[in-house]
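Here is a short walk through one protein chain and its ligand. Keep the sequence and the structure in view as you read.

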Amino acid sequence: MIRRDLLMPLSSSVGGLMIIATLFRNHIPLHLRNLLEKYTRKLFRLLSPYIQITFPEHTGERLKKSDVYTAIQNYLIKKATTGAKKLKADTLKDNQSLILSMDDNEEVTDEFQGANLWWSSNKIVSRGMSLSIYPSTEEKRFYRLTFHKRHRDLITDTYIKHVMNDGKAIALKNRQRKLFTNNPSHNWYRYKSTKWSHVVFEHPATFDTLAMEPKKKQEIVSDLEKFSEGKEYYKKIGKAWKRGYLLYGPPGTGKSTMIAAMANFMNYDVYDLELTTVKDNSELRRLLIDTSSKSIIVIEDIDCSLDLTGQRKKAKKKDDDENEEGKGDPTKKMKKEEETKESKVTLSGLLNFIDGIWSACGGERIIIFTTNFVDKLDPALIRKGRMDKHIEMSYCCFEAFKVLANNYLDVESHPLFGTIEAMLKETNMTPADVAENLMPKSSMETPDTCLRSLIEALEEVKEEAARKKAEEEEEAKKKAEEEEEAKKKAEAKDAAKSIEEAKENGVGANGKLEEEKVNMKENGVTN
Ligand SMILES: Nc1ncnc2c1ncn2[C@@H]1O[C@H](COP(=O)(O)OP(=O)(O)OP(=O)(O)O)[C@@H](O)[C@H]1O
Ligand SMILES: [Mg+2]
């Protein structure tokens, strides 16, 4: 391995020339100085066995920050923290946490498959063109990679790709994830707002804290892992890289918590799509195009969202009530007219949103629908292939309770667990209710008192359920009796009618009439 410092003498004479040029820069005319610098650099390149690649911070006409520069910056964070003498501290966007990077004119070394490399961070300060009396300066930053020319192929073919991939992966890990919600479309252009607004996504739910049957939970985790590693697989089978989940179950069983746990597990952004504010299919498509990959698109309570006409009618009635208020203000009136327009988001538009050609743009996306009433949904919407996995979020079982007891009370086992297990088998209580009972209400509460209050709550629920069941049975019995009575009456009425008809037609044998009369008497019907 040839070390760069051993070759220094070779280039030191060239370096000397450059130093002279710098020392006497004020005594040498500008054009001569430029020529001197140009030729010394040429000479240096000729004699030096090293190759240099420069990566500027900004590229293109619009001076967009280069993705390559950012990836290198991320790649070098660890090396800079351990190897550089001068570091620069920066805050992450939307966040308070610090990242350390190499300061200007610092250098760190790297090693790749036996090849030694040097990364330096550089800055050029130049005078900008300004009419102001205060001279403006412009800073141009760049990274410079230096390596021996023997490694040219290794570096240009493999190493740079490795730096890009590693840098992007680090950026992804460090990025602040976001929770987006769609803006009403009348604001998209009028107020120059974007289609989605966002806040930092900071939900603490994880699969460890999610209470559900361990086997079911593991199945979901494996499914997500397989999906995240499935880029090549999806490409091979010719399918867009996306997956749909339908989460269904009663309120408080953890559907929204599951979405947060999924987002944290996958390190994805979340787009919470409020379908009731989307006016038509084309708007829906535009919203979809504006989402990024590595994201979860959520439509909560899909059964309510699809009933858009109902929603709009309600909005219209409200507007009629408020009409007096907006009188005379044309902008207000226009806005109201726009808002009350019937939504044209159709089932086919939604299906297109899920699995049409547009849905493939970007890739690596998860679509989640939640509902309390799975039976209400159109089968076309939830068929396999659209919603690939249907997950039932059910009432709290003993395994789920154990997770909650550990989360809320730091208790893994307790003598009362047996009673609770038996009670949970015969009682339907949501994890949300169990959690509420387990949460200590004051500093006086101990795990023991919390578990006892859960048992009390379970008893109440059980009694309530038994009472409700008895009431329902009583009601059903009463209804059955009433139906039986009504049926008998209807039969008797029919019989009386046929006797009348027989009399009118003059057909009817005496014997038969007598028989029917007897029947009628038995049923308590008189003529
Ligand atoms: N399975 C669960 N694991 C852990 N905590 C849960 C679970 N289910 C519910 N919870 C707790 O109950 C609260 C409400 O749960 P969540 O909002 O996830 O229910 P949901 O099924 O989305 O209800 P809804 O149908 O009303 O939207 C959560 O904040 C969480 O603390
Ligand atoms: Mg919810």
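In which helix is proline 214 found? Proline 214 belongs to helix α6, which covers residues 214-228. This model is predicted, so keep that in mind throughout. Is proline 214 buried or exposed? Count the C-beta neighbours inside 10 Å: there are 11. A residue with 12 or fewer is called exposed, so proline 214 counts as exposed. Now look for valine 403. In sequence, proline 214 and valine 403 are 189 residues apart. In space, their C-alpha atoms are 9.5 Å apart.

Step back to the whole protein chain. Its secondary structure comes to 19 helices and 15 strands. The protein chain has 527 residues, and 17% of them count as buried.

Strand β9, residues 178-182, is joined to β10 by 5 bridges. These two strands run antiparallel. For one such pair, take lysine 178: its bridge partner in β10 is valine 200. Strand β9 also pairs with strand β12, residues 269-272. Here the sense is parallel, and there are 3 bridges. Threonine 181 stands opposite aspartate 272 in β12.

Move along to β14. How many of its residues are buried? The count is 7 of the 7, so β14 is largely enclosed by the rest of the structure. Both faces of the strand are covered. On one side sit Arg365, Ile367, Phe369 and Thr371. On the other sit Ile366, Ile368 and Thr370.

Strand β14 has partners to look at too. Strand β13, residues 295-299, pairs with β14 in the parallel sense over 5 bridges. Isoleucine 297 has isoleucine 367 in β14 as its bridge partner. Strand β11, residues 242-248, also runs parallel to β14, and 7 bridges join the two. Leucine 246 has phenylalanine 369 in β14 as its bridge partner.

Now follow the chain out of β14. A loop lies between β14 (365-371) and α14 (379-382), and aspartate 378 has its place there. Aspartate 378 has 13 C-beta neighbours inside 10 Å, so it counts as partly exposed. Leucine 347 is 31 residues away from aspartate 378 along the chain. Their C-alpha atoms are separated by 8.7 Å.

Most residues other than glycine have a negative phi. Asparagine 267 is not a glycine, yet its phi is positive, about 65°. Where does asparagine 267 lie? Its place is the loop between α8 and β12. With 12 C-beta neighbours inside 10 Å, asparagine 267 counts as exposed. Aspartate 410 also has a positive phi, near 55°. This residue is found in the loop between α15 (398-409) and α16 (417-426). Aspartate 410 has 8 other C-beta atoms within 10 Å, so it is exposed.

Finish at ligand 1. How many residues surround it? There are 15, and the closest are Pro251, Gly254, Ser256, Pro431 and Ala432. Two elements give two or more residues to this shell: α8 (255-266) and α17 (431-438). Sort the shell by kind, and you get 8 nonpolar, 6 polar and 1 charged. Why does ligand 1 lie between two domains? Domain 2 (178-392) and domain 3 (416-483) both give residues to the shell, so ligand 1 lies between them.

Conventions. Residues are numbered from 1 along each chain as its sequence is written. Chains are lettered from A and ligands numbered from 1 in the order in which they are written. This is a predicted model: local features need pLDDT of at least 70, side-chain atom pairs count only at pLDDT 80 or more; totals for chains, interfaces and linings use all residues. A residue is near a molecule or strand if its C-beta atom, placed from the backbone, lies within 6 Å of it. Helices (H or I, at least four residues) and strands (E, at least two) are DSSP runs, numbered from the N terminus. Ala, Val, Leu, Ile, Met, Phe, Trp, Tyr, Cys and Pro count as nonpolar, Asp, Glu, Lys and Arg as charged, and the others, Gly among them, as polar. Domain bounds come from an automatic or database domain assignment. Two strands pair if DSSP finds at least two bridges between them. A residue is buried if 20 or more other C-beta atoms lie within 10 Å of its own, exposed if 12 or fewer, and partly exposed in between; C-beta atoms are placed from the backbone.
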